[in-house]
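This briefing describes one protein model together with its ligand. Please consult the sequence and the structure shown here while reading.

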Amino acid sequence: MSIRSLSLGAVVALAALHTTAGAQTTGLDLAKAKNCMACHDVASKRVGPSYQSVAERYASDAEAADKLFASIRKGSFRKWGAIPMPAQNAVNDDEARKLAQWILTLKN
Ligand code: HEC
C-alpha cells in the first residue's frame, strides 16, 4: 500500500469521526441512529415514556444522568409501566451517557 492511499484512508476515517462524533451530531440524531425513536418520542408516549416526561420525573434528582445511563445500558423495568426496556446493546458507554444527558435537557 502506498503512502498516498494510506493518508487518504486517514482523511476518510477522520471525516467519518467528525460526522459521527462531531458537534453537529445532536442527541436526537444519535437517538434516531440507535433506533431509540422506534419506542420513544420526545413529546408523546409510545412504547416507552416520552423523553420530556423522563426529564420531568428526574428534574430534581442529582443522580439522574447516572440512573438513565444505567437504564439505557442495562435495561429498565417497572419504572414506567408493564413493558420493560431491554438493555440497549447498540450503544456504547459514551453514547449512552450522551443520550442520558440529552434526554435530561428536554424538560418542558
Ligand atoms: C423496544 C422498545 C424500546 C427501545 C428500542 C428503547 N426503549 Fe427506552 N424505554 C422503553 C420502555 C418500555 C421504557 C419504560 C421501562 C420501565 O417501565 O422501566 C423505557 C424507558 C427508558 C428511559 C427511562 C429509564 C428510567 O430509568 O426511568 C430512558 C432514559 C430510555 N428508555 C432511553 C432509551 C434510549 C436512549 C434508547 C435507545 C438507545 C431506548 N430507550 C430504546 C422502550 C424502549
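The model is predicted: local features need pLDDT of at least 70, side-chain atom pairs count only at pLDDT 80 or more, and totals for chains, interfaces and linings use all residues. Residues are numbered from 1 along each chain as its sequence is written, and side-chain values use heavy atoms, with hydrogens and water left out.

**Overall fold**

- Along the sequence, the secondary structure reads α-α-α-α-α. Helices (H or I, at least four residues) and strands (E, at least two) are DSSP runs, numbered from the N terminus.
- Of the 108 residues in the protein, 29% are buried. Buried means under 20% relative accessible area, exposed over 50%, and partly exposed in between, with a 1.4 Å probe and protein chains only.

**Surroundings of the ligand**

- The space taken by the ligand is the largest pocket. On a 1 Å grid over the protein atoms alone, a pocket is an open set of points where a 1.4 Å probe fits, with protein on both sides within 12 Å along at least five of seven lines; a cavity is a set of points where the probe fits but cannot get out, and lining residues have an atom within 4 Å of a point. A molecule sits in a cavity or pocket if more than half of its atoms lie within 2 Å of its grid points.

- An N or O atom in the side chain of Y58 is 2.6 Å from an oxygen atom of the ligand.
- S71, a residue of helix α4, has a polar side-chain atom 2.6 Å from an oxygen atom of the ligand. S71 counts as buried because its relative accessibility is 8%.
- K79 places a polar backbone atom 2.9 Å from an oxygen atom of the ligand. The side chain of K79 also makes a polar contact of 3.2 Å with the side chain of S71.

- The largest nonpolar core contains 18 residues, and Y51, L99 and W102 have the most contacts inside it. Helices α2, α3, α4 and α5 each supply at least two residues of this core, and α5 gives the most, with 5 residues. A nonpolar core is a set of buried Ala, Val, Leu, Ile, Met, Phe, Trp, Tyr and Cys residues joined through side-chain atoms within 4.5 Å.
- Y51 belongs to helix α3 and is buried, at 5% relative accessibility. Its C-alpha atom is separated by 9.3 Å from that of W102, 51 residues apart along the chain.
- A55 is also in helix α3 and is buried, with a relative accessible area of 2%. Between the C-alpha atoms of A55 and W102 the separation is 9.3 Å, and these residues are 47 residues apart along the chain.
- I72 lies in helix α4 and is buried, with a relative accessible area of 11%. I72 and A100 are 28 residues apart in sequence, and their C-alpha atoms are 7.8 Å apart in space.

**Loop residues with positive phi**

- N35 is not a glycine, yet it has a positive phi of about 70 degrees. N35 lies in the loop between α2 (27–33) and α3 (51–57) and is exposed, with a relative accessible area of 54%.
- R78, likewise not a glycine, has a positive phi of about 65 degrees. R78 is located in the loop between α4 and α5 and is exposed, with a relative accessible area of 65%.

How values were computed: Polar contact = N/O pair within 3.5 Å; in protein donor to acceptor, adjacent residues only side chain to side chain.
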